[in-house]
Amino acid sequence: MRIGLLIIAAFWCLPASSQTLQIMGSDEGFLPFYYGNSLNKGILVEVINEFSLEAGIAADFLPLPRKRQAWALEEGRANAVFANPLWMPLPDQMHTVGPVLTWRDRVFAQPGRQADSFDDLQGSICLRKWFVYSDRLEGRIGNDLVRLDAYNAQQMLSMFLHNRCDYAVMNEMEFRFLALLVQVDPDRYSTELIDADWPVYLGILKTEAALIEAAEAFFATHTIDVEAMLHKLPPPDRHVSIQPDQ
C-alpha cells in the first residue's frame, strides 16, 4: 500500500519536462505562423521549438478543424491553442499567456490607388469569403466598393496581382510571405490603413499548471521578430504558383 502511494505521489510531482504542450492548429494552416501538412513549419512553430529546447518540454502542433477544437480540449487530445481571447475555445477553462504577437489586417492597394482613409476607398476590393471585417470597411461595400470574394489568401492575392481588384485586405505578414515566394515587392502595395489589429495569445488549459508556469517564464523575455523570420521560412508543402501580370 505504501509503495503504491509513493508511486502515485511521484507521478503527481513529475516536472514540467515530462509533459507535452499539445497545441491545436487549424488543419487549413495559418500562413506564415504555422503551416505544412503536419503543421511543422512557420513562425510559431519555430518559437515553440525554441520554447521546447529552453524549457525541456516536448511540444506538438495538432492539425484540427476549428469546429473540433473545443472537443479536443474536453477529450484531452490537446491542451493549448494560439488565439485571440474572443475566439478562444472553452475560454473559461483557458489561461492566456501573452500576447505573443499581433495579428494585423492591412489594406493593400494597386499602385496609384493609395488612400489616406477608408472614406477614400472606391472601386473594387478583394476579401475572404465568410470573413467578418470592420464596420468602417463593411460600410463602404455596396456603395463605394464592389466586393470580390476569394476562398483563401492565395486566391485573393492572385486576383489582386492580376488587377481584378483595386484593393485587398489581408494579414500583412501573410501578404508579405506569399509576395516573397512569388518574387513580388510587397512594399509596392502596402498602405497605412489597418482594418483590424488584435493580439494573439497562447491559451493553455488551467489544469496544466506546470506548462503555464514554463510558458509564462519563456514569453516574459522572448520577443518574436516576425519580419526578420519571414525570409528564412520554408515554402508551403503546396506549390504557390501566383504570378502577377507583366
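**A buried strand end, a helix crossing and aromatic pairs**

Ser26 sits in strand E1, which covers residues 20-26; helices (H or I, at least four residues) and strands (E, at least two) are DSSP runs, numbered from the N terminus. The model is a predicted one, so local features need pLDDT of at least 70 and side-chain atom pairs count only at pLDDT 80 or more, while totals for chains, interfaces and linings use all residues. Residues are numbered from 1 along each chain as its sequence is written, and side-chain values use heavy atoms, with hydrogens and water left out.

Ser26 comes out as buried because its relative accessibility is 2% (buried is under 20% relative accessible area, exposed over 50%, partly exposed in between, with a 1.4 Å probe and protein chains only). With neighbours within four places in sequence set aside, Ser26 is in contact with Tyr34, Leu39, Leu64, Arg66 and Gln69, where contact means heavy atoms within 4.5 Å.

Next, the helices. H2 (residues 43-55) and H7 (residues 209-219) have axes that come within 11 Å and cross at roughly 110 degrees; axes are lines fitted to C-alpha atoms, for helices over the stretch in contact, and angles run from 0 to 180 degrees between N-to-C directions. H2 and H7 are therefore roughly perpendicular to each other (under 35 degrees is roughly parallel, over 145 roughly antiparallel, 65 to 115 roughly perpendicular and the rest oblique). On the H2 side, Val47, Ile48, Glu50, Phe51, Glu54 and Ala55 do the touching, and they meet Ala214, Ala215, Phe218 and Phe219 of H7. Sorted by type, the residues of this contact come to 8 nonpolar, no polar and 2 charged (Ala, Val, Leu, Ile, Met, Phe, Trp, Tyr, Cys and Pro count as nonpolar, Asp, Glu, Lys and Arg as charged, the others, Gly among them, as polar).

As for aromatics, the whole structure holds 17 aromatic pairs; rings of Phe, Tyr and Trp (its six-membered ring) pair if their centres lie within 6.5 Å, with planes under 30 degrees apart stacked, over 60 edge-to-face and the rest tilted. One of them, Tyr35 with Phe177, is tilted, at 5.6 Å centre to centre and 45 degrees between the planes. Tyr35 lies in the loop between E1 and H2 and Phe177 in helix H6 (residues 172-181), so this pair ties together parts 142 residues apart in sequence. Tyr35 and Phe177 are both buried. Phe61 and Phe82, by contrast, have ring centres 6.3 Å apart and planes at 10 degrees, so that pair is stacked.
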